[in-house]
Structure formats: structure tokens, C-alpha cells
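Please look through the structure below before reading on. The paragraphs that follow go from one residue to its surroundings, and then to other parts of the chain.

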Amino acid sequence: MAVLRLYDTATDMVRPLELRQPGHMSMYVCGPTVYDVPHIGHGRAVLVYDVLRRYLTWSGLEVRLVSNITDIDDKIINRANTEGRNPEEVAIEFEDAWYAAIDQLGVLRPNDDPHATAYVEGMVELIEGLIARGAAYETNRGVEFSVDKVPGYGLLTNQSLDSLQSGARVEIETEKHNPLDFALWKKAKPDEPAWPSPWGPGRPGWHTECVVMSLDLLGEGFDLHAGGLDLKFPHHENERAQAVAMGRDFARHWMHHAFVEVGGEKMSKSLHNFTSLTDLLLRADARAYRLLVLQAHYRSPLEVTPNTIEQATRSLTGLDNLARRAVDIGSDVVPDATTMEHFRAAMDDDLDTPGAMAVIFDAVRQANVAFDSDGSAASLVAALRAMTEAIGLELRADDDALDAEILGLVSQRDQARASRDWAGADRFRDELISLGYVVEDTSEGTKVRRG
């Protein structure tokens with residue numbers, strides 16, 4: 001197979017993905033902090049790395065994906081306190097919501113999903129080692145990591161320590177030696193979850209868990225560490241710093257994807273501009289969101305709106321229509337070689353999924369022309385099937401005829417929307433959903449399909 005070339009954040013260049021062990025790919029993707037339902041930015045994240053994982057597997061590699069679950073964190077504790085609940089109960093509820101959403105997206109679950117609470121003992125051992133090496137120190141609040149002790153701190157931001165310090169927020173009344181120093185251990189406050197440690201009861205800081213988990217499950221020098229641009233600094237930089245300070249060989253390659261934006265702003269819960277992924281998946285075909293993500297390069301911003309989802313849905317309809325025309329073409333047909341060559345070239349060039357989708361849509365166009373002119377579309381159809389399998393985009397060739405009951409509910413919902421009876425429209429939508437249908441709002445009215 002050709003060598004996949006990816007942009008590496010650490011070296012600020014697109015370079016070949018050099019594997020630690022030929023034929024085997026080890027990748028760590030930072031997972032969710034389970035304190036709320038996932039938003040559509042999380043949806044983009046899991047889809048980007050699902051596409052990468054599927055493509056590498058399709059290309060012949062054995063891929064091991066580790067993605068953690070942060071099940072203890074200030075946000076979880078705050079929500080539990082606000083709602084009068086146990087933090088563990090909150091974490092379990094929203095981990096279930098997380099997996100329900102990614103399952104609906106058709107995202108393969110990770111090979112391992114280590115939970116922070118299961119690795120506290122290992123994190124305590126890491127912190128003890130950092131203190132012994134002079135890279136960490138105890139304060140009244142807990143234990144802090146000393147960034148001054150790590151040569152090259154700031155690698156992932158392409159900035160020097162001095163440059164980062166000049167822009168750091170200065171904390172008042174702090175025992176930190178440097179404003180960039182970060183918490184490894186937080187001493188417990190009253191009524192907070194706590195674990196024993198040499199520095200008193202408490203819990204680990206967020207930046208420590210992924211170091212312990214990734215090295216434990218994937219070993220030193222694992223191939224790829226990935227996540228969103230917002231994790232590049234300080235989270236990933238602080239992970240890397242701890243490994244360096246311990247003399248451990250960490251990730252060989254760093255990959256970061258861009259944000260989902262609304263009106264030019266990053267989508268996030270803190271900005272209160274997020275749309276729940278769960279809500280999106282109730283109203284749109286999950287495959288349409290995968291298609292929308294594929295049509296944007298992973299390092300470019302992605303705007304998710306009703307219009308962009310509707311456009312993706314129309315494109316998906318075109319793919320499904322060709323799949324219906326091609327139901328009689330057998331699975332033993334050899335894919336068109338030129339089409340496959342162009343597809344692989346795009347995917348191997350920094351995961352250029354927009355370029356790959358252009359190849360796919362061109363194959364659809366050529367195949368439709370061949371069908372219309374009684375020509376042979378078999379090799380193009382075989383290529384289409386192979387390409388969509390490689391990126392996890394399911395095509396549906398079955399005609400899902402709607403019975404009179406469903407058509408009636410759709411009609412009543414459209415009438416309610418036309419008369420601005422939003423409560424009635426929501427009632428009909430909920431009934432359709434309860435019957436197992438995905439409900440989509442389009443310029444042509446309500447569209448439904450089996451979920």
C-alpha cells in the first residue's frame with residue numbers, strides 16, 4: 001500500500017506516517033468528559049478518526065484504537081452537586097448517552113476505552129516519579145508540574161517557553177513557580193470524591209490520565225496521538241511534557257482536527273452555542289452528517305446548519321439512487337482501477353476526504369451515464385462500493401416504502417408547521433420517532449426514513 005502522509009503538529013509539516021511496527025497502527029484519541037450529552041463538534045471528532053481508522057484497516061493495517069473516558073472531573077462534580085446526585089451516577093448517565101450517539105453515527109467503538117477512575121493508582125505512581133526527578137512539587141492545593149524542567153516545552157504550539165509565559169494569565173496568591181505550571185494532583189475539598197495519595201486524599205489533574213493510559217495500553221513510541229485543536233495546548237503539550245520528564249518515548253505523530261463553527265465561532269458548551277448531537281440525530285440521517293464531515297478537510301472549519309445538512313442529505317440520495325440501480329451487479333466485479341488509484345491518492349494525501357468524495361461523485365456520474373446509455377457500469381459500481389466501505393459511508397439500495405399511517409403523520413406534521421402550530425408539529429415528530437423513523441426538516445417538507 002502507499003504510505004499515508006499526515007500533517008504532524010509537532011513538526012508543522014505533512015509527513016509520512018512512520019509506523020513503530022510495520023503492518024500495525026497504534027492510535028490514541030482523547031475521549032469525552034462525561035458530564036453532558038455530546039454536541040455536534042464531538043460528532044465531527046469521532047467521525048474524523050473513524051474514517052482514518054476504517055481507511056487504514058481497509059488498506060491492510062491492523063489498527064488498535066484507544067480512546068479514554070474522563071469519568072471524574074470538576075464539571076462532573078459541579079453537575080452532581082447542582083442536581084444533588086452522585087458524580088458516578090452523572091458519569092454513567094452521560095457515558096451511556098455518548099455511546100448511544102456514536103453507535104447511531106456508525107462509528108466503530110474503540111478497542112479499549114480506559115476510564116480515569118480505574119487508573120488513579122497509576123497516576124499517583126507517575127506523580128511520585130515526577131517529584132523524584134525534580135519535575136514536580138507539592139503545594140497547599142496539591143502537586144504541580146514544573147514546566148521549566150522540560151526542554152522544548154511548547155513544541156506542539158511552535159512557541160518557546162518564554163513566548164508562552166509572556167501570554168500566560170498571572171494567578172493571584174498562588175504557590176506556582178511558573179504561571180504555566182499545571183496541577184498533577186488536587187487535594188480534596190469537602191464532599192468531593194477522593195483517592196488516597198502521599199499528599200493526602202484528592203484526585204488527579206486532567207492532564208495526567210492520558211499519559212498513564214496511553215503508555216499502559218499502547219506502549220512507548222505509539223504511532224499517533226489525536227484530538228481537537230483545542231486540546232493541542234495545554235492538554236496535549238502537558239501530556240507530552242510529563243512523558244518527556246520521565247524519560248518515556250511518547251507519541252511519534254500528532255494529529256489535530258479543526259472545530260465545528262456557528263457563525264464563525266467555535267462550537268462549544270462553554271459558549272452556549274452547541275446543538276446536541278443527540279438532537280441532530282433525531283432530525284437527520286446519521287449518514288448525512290458523516291457525508292458532511294467527509295466533504296470538509298479535517299484541518300478546516302466545518303459549519304453545520306440545516307442548509308448544509310440538507311445539502312448532504314440530497315447528495316446521499318444520489319448515492320442511494322445509484323445503489324438501487326446497481327442491485328443486480330454482483331460483488332465479484334473488479335473495481336475500476338483508475339478510479340481506485342485516484343481515491344487512494346486523495347486519501348493518502350493528508351486524509352484529503354473532499355478530494356476522495358469528488359472521486360466518488362465522479363464515479364456516480366459516470367456510472368449513471370453508463371446505465372442511461374446501456375453501457376457497462378459494473379466496474380464503476382464496484383469501485384463505488386469499495387470506496388464507500390473504506391470510509392464507512394453506508395449505501396442503501398432498499399426501497400423503504402411508507403405505509404398510510406406514516407404518510408398521514410407526515411402530512412399532519414407539515415400542516416401543523418404551515419399553521420405555525422409548533423407544539424403540534426413536535427407532537428407528530430415525537431410520534432414518528434417513537435415508531436422508529438428519523439425525521440428531517442427540508443425545504444420540501446418533512447422527510448422520514450427508517451432509523
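Tyrosine 119 is buried, because its relative accessible area is 16% and the cut-off for buried is under 20%. The model in which this residue is seen is a predicted one. Tyrosine 119 sits in the loop between helix H3 (87–104) and H4. Leaving aside residues up to four places away in sequence, tyrosine 119 touches Pro114, Val212, Met213, Asp216 and Leu217.

Helix H4 covers residues 120–132, and helix H6 covers residues 206–218. The axes of these two helices come within 9 Å and cross at roughly 100°. Angles of 65 to 115 degrees count as roughly perpendicular, so H4 is roughly perpendicular to H6. Which residues make this contact? From H4 they are Gly122, Met123 and Leu126, and from H6 they are Thr208, Glu209, Val211 and Val212. Sorted by type, the residues of the contact of H4 with H6 are four nonpolar, two polar and one charged.

The next stop is elsewhere in the model. The C-alpha atoms of tyrosine 119 and leucine 316 are separated by 43 Å, and the two residues are 197 residues apart along the chain.

A second pair of helices is H10 (residues 306–325) and H12 (residues 353–372), whose axes come within 11 Å and cross at roughly 45°. That angle makes H10 oblique to H12. The crossing of H10 and H12 is left-handed. On the H10 side the contact is made by Ser315, Gly318, Leu319, Leu322 and Arg325. On the H12 side it is made by Ile360, Phe361, Val364, Ala367, Asn368, Phe371 and Asp372. The residues of the contact of H10 with H12 divide into seven nonpolar, three polar and two charged.

Aromatic rings are the last topic. How many aromatic pairs does the structure hold? There are eight aromatic pairs. One of them joins phenylalanine 145 and phenylalanine 182, with 4.9 Å centre to centre and 20° between the planes. Planes under 30 degrees apart count as stacked, and this pair is stacked. Phenylalanine 145 lies in strand S6 (residues 142–145) and phenylalanine 182 in strand S7 (residues 182–187), 37 residues apart, so the pair links distant parts of the chain. Are the two residues buried or exposed? Phenylalanine 145 is buried, with a relative accessible area of 0%, and phenylalanine 182 is buried, with 5%. Elsewhere, Tyr55, Trp58 and Phe343 form one aromatic cluster.

Key:
Residues numbered from 1 in each chain as written. Predicted model: local features only at pLDDT ≥ 70, side-chain atom pairs only at ≥ 80, totals over all residues. Heavy atoms only, no water. Axes fitted to C-alpha atoms, helices over the stretch in contact; angles between N-to-C directions. Helix = DSSP H or I, 4+ residues; strand = E, 2+ residues; numbered from the N terminus. Parallel < 35°, antiparallel > 145°, perpendicular 65-115°, else oblique. Left-handed = near helix turned anticlockwise from the far one by under 90°. Contact = heavy atoms within 4.5 Å. Nonpolar A, V, L, I, M, F, W, Y, C, P; charged D, E, K, R; others polar. Phe/Tyr/Trp six-rings, centres within 6.5 Å; stacked < 30°, edge-to-face > 60°. Buried < 20%, exposed > 50% of the residue type's maximum accessible area, 1.4 Å probe, protein only.
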